[in-house]
Amino acid sequence: MSDEIKHECGIAVIRLLKPLHYYQEKYGTPFYGLKKLYLLMQKQHNRGQDGAGMATIKLDVAPGRQYIHRLRATGSGAIQDIFSKINGKLDEIKKAKPEKFKNTDWIKKHAPFAGEVMLGHLRYGTYGKNSMDTCHPFLRQNNWQTRNLVVAGNFNLTNVDELFEKLVELGQHPREKADTITVMEKIGHFLDEENELLFQKFKKAGHTNAEISGLIASNLDVAEVLRNASRKFDGGYAMAGLMGHGDAFVLRDPNGIRPVYWHQDDEVAVIASERAAIQTCFNLPFEDIKEIEPGHAIIIRANGNVTQELINDPGEKRSCSFERIYFSRGNDKNIYQERKALGRYLTPAVVKAIDNDIDNTVFSFIPNTAETAFIGLVDGINMHLDTIKRHEFIQLGGKVADEKMMALLNRRPRVEKIAVKDIKLRTFITDDSHREDLVAHVYDTTYGVVRATDNLVVIDDSIVRGTTLKNSILRILDRLGPKRIIIVSSAPQIRYPDCYGIDMAKMGDFVAFQAVIELIRERNMDELLDEVYEKAKAQMAKPREKSQNVVKAIYEPFTPEEISAKVAQLLTPKEMKADVSVIYQSIEGLHHSCHKHTGDWYFTGNYPTPGGHRVANRAFINYMEGKNVRAY
């Protein structure tokens with residue numbers, strides 16, 4: 001994506017289902033789980049450049065020995081930092097006690113992180129500070145094993161204020177009003193309640209306190225804890241948690257907004273945000289990895305029993321389509337095909353924009369993540385050419401000279417690598433007074449492949465703000481001297497804020513929104529803005545559950561083509577010589593290409609939860625009142 005926006009966080013859970021000595025004997029190391037966790041996190045590094053963290057639980061540890069270990073780090077090298085520290089500690093032990101290092105019982109007692117239950121997290125913050133304090137996993141500690149809780153996740157809740165107040169009403173004093181802390185304390189509260197109920201039950205039955213600890217661990221109803229805790233959650237989430245005695249869970253939201261996959265065999269249970277990461281790390285076929293159903297949780301008991309249980313009644317499945325367009329790694333089998341389909345579906349619009357002049361058109365892509373959609377577009381252009389060739393052969397009646405036949409057969413789209421991101425230059429863009437000039441050079445270009453008679457078609461994943469296009473890419477492409485530049489977005493027009501994990505919370509930032517505002521003012525329709533503003537304020541006075549997105553009304557008077565044309569005007573630098581056009585994916589094309597992932601609220605305003613509608617209305621109010629603040 002040429003516009004830099006924040007990614008999604010990522011989770012990784014591994015539960016070893018055999019004793020450590022099993023992995024020593026089969027794989028030559030008792031740290032099999034740690035090595036797999038490291039790889040699983042690295043394979044999802046695309047989901048976290050702000051920080052990372054991991055925690056382990058050791059099962060069946062005697063009192064007085066540490067059984068929870070946690071490490072967190074900030075920065076793009078956080079994963080490496082964490083595991084370098086772990087390896088450093090293990091190397092110290094190995095040097096000091098080499099004769100003990102193959103004794104798995106000794107290792108479990110004395111080596112940190114030598115546990116059976118592991119949780120990893122990759123953080124890409126949607127807002128707030130990027131400090132150690134904001135890195136997952138979070139830890140809620142207690143002297144009772146069954147009351148200890150480790151939580152990490154990929155989520156944003158739209159109703160944190162409401163949930164926070166409920167905690168206060170329960171008598172708690174949360175240290176921070178943040179969704180992660182709120183989630184942890186909410187689950188922690190009902191975990192405490194479940195512990196207390198079981199304690200009283202077994203106490204009345206005549207058991208000693210020491211006996212009761214084990215009985216609670218065996219009888220804890222994790223699913224009921226999650227039902228009670230998440231009943232009022234409004235948002236998209238994949239929440240992972242470990243409990244001190246060894247139970248673990250991953251809970252998915254009722255609309256399946258955030259992605260999460262799992263696999264279980266006789267050696268291991270593994271859960272991650274991306275299917276391809278599990279495939280690669282454990283060398284598994286596609287069919288062996290399942291998606292956690294919306295509203296369900298995978299619950300792994302301390303005894304190794306793994307179940308998928310209903311927690312909240314599922315709503316309509318609205319999996320995030322941006323995952324398919326951009327966020328998730330493109331080596332997933334389905335995502336790869338969907339991205340190709342997105343590019344292929346744009347073919348008719350591109351052919352129309354170049355007046356069917358394929359011979360005088362160069363096709364390329366920016367940035368590298370758009371390459372798969374580009375392959376699909378080129379496939380579409382080739383199919384279009386095949387239809388033309390077939391028609392010409394028929395017209396010629398089969399009597400074709402060799403030279404003419406070869407000319408027809410060799411006709412294909414001109415594909416070139418036009419722009420390359422200059423990574424080195426990024427580090428020097430620090431002085432605001434010279435920023436714009438330097439930004440214009442972030443991309444470098446390939447000279448000598450574009451003619452003055454050519455159209456230049458460049459596909460991008462999406463156009464969010466358009467800043468990089470205006471300040472850098474279009475200026476660089478114009479140096480090549482094409483007669484026309486056509487920027488193609490494999491995603492539709494981004495019109496509304498996200499509130500489920502992506503850092504797109506200010507409506508005024510979106511170039512499609514800026515374009516429709518310009519159209520409204522050009523056509524003297526300012527009263528429409530005032531009407532929608534008043535309706536949005538009225539919506540904010542209603543209960544969250546009754547919220548509707550009234551902001552849709554500002555887009556209704558205009559066709560997508562009118563908005564795209566205005567976007568092109570807004571993004572074209574004054575000194576441009578080439579004509580500039582912008583083509584966006586259609587909603588129909590999105591649904592056709594990603595038909596199982598219909599979470600399209602950024603494009604349509606059709607949010608899967610009432611809190612989403614509320615965020616859209618608040619974002620518009622903020623814009624109208626001149627407040628440059630987040631809508632959630």
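Colleague: By class, what does the lining of the second largest pocket have?

Modeller: Keep in mind that this is a predicted model. The lining of that pocket has 17 nonpolar, six polar and six charged residues.

Colleague: And what volume does the second largest pocket have?

Modeller: About 710 Å³. It is lined by 29 residues, and Gln493, Pro560, Glu561, Ser564 and Tyr584 lie nearest its centre.

Colleague: OK, cavities now. How many are there of 30 Å³ or more?

Modeller: The count comes to two cavities. The largest cavity has a volume of about 100 Å³. Its lining holds 19 residues, with Pro259, Tyr261, Glu323, Arg324 and Ser328 the closest to its centre.

Colleague: How do the lining residues of the largest cavity divide?

Modeller: Into six nonpolar, five polar and eight charged. Helices α9 (275–282) and α10 (321–327) each supply at least two residues of that lining.

Colleague: What lines the second largest cavity?

Modeller: Ile366, Val458, Ile459, Asp460, Leu469, Ile473 and Ile487. The elements giving two or more residues are β18 (455–460) and α17 (467–478). β18 has the largest share, with three residues. By class, that lining has six nonpolar, no polar and one charged. The space in there is about 30 Å³.

Colleague: Switching to helix packing: at what angle do α2 and α3 cross?

Modeller: Roughly 165°, with the axes of α2 (residues 32–42) and α3 (residues 78–96) coming within 10 Å. So α2 is roughly antiparallel to α3. The crossing is left-handed.

Colleague: Which residues meet there?

Modeller: From α2, you have Leu34, Leu37, Tyr38, Met41 and Gln42, and they meet Ile79, Gln80, Phe83, Ile86 and Leu90 of α3. The residues of that contact divide into eight nonpolar, two polar and no charged.

Colleague: What about α13 and α14, how do their axes cross?

Modeller: The axes of α13 (residues 371–395) and α14 (residues 402–409) cross at roughly 160° and come within 10 Å. That angle is why α13 and α14 are roughly antiparallel to each other.

Colleague: Which residues make the contact?

Modeller: Lys389, Glu392 and Phe393 on the α13 side, and Lys404, Met405, Leu408 and Leu409 on the α14 side. By class, the α13 contact with α14 has four nonpolar, no polar and three charged residues.

Technical notes. Residues are numbered from 1 along each chain as its sequence is written. This is a predicted model: local features need pLDDT of at least 70, side-chain atom pairs count only at pLDDT 80 or more; totals for chains, interfaces and linings use all residues. Side-chain values use heavy atoms; hydrogens and water are left out. On a 1 Å grid over the protein atoms alone, a cavity is a set of points where a 1.4 Å probe fits but cannot get out, and a pocket is an open set with protein on both sides within 12 Å along at least five of seven lines; lining residues have an atom within 4 Å of a point. Grid points are joined across faces, edges and corners, and a volume is the space filled by probe spheres set on the points. Ala, Val, Leu, Ile, Met, Phe, Trp, Tyr, Cys and Pro count as nonpolar, Asp, Glu, Lys and Arg as charged, and the others, Gly among them, as polar. Axes are lines fitted to C-alpha atoms, for helices over the stretch in contact, and angles run from 0 to 180 degrees between N-to-C directions. Helices (H or I, at least four residues) and strands (E, at least two) are DSSP runs, numbered from the N terminus. Angles under 35 degrees count as roughly parallel, over 145 as roughly antiparallel, 65 to 115 as roughly perpendicular and the rest as oblique. A crossing is left-handed if the near helix is turned anticlockwise from the far one by less than a right angle, and right-handed if clockwise. Contact means heavy atoms within 4.5 Å.
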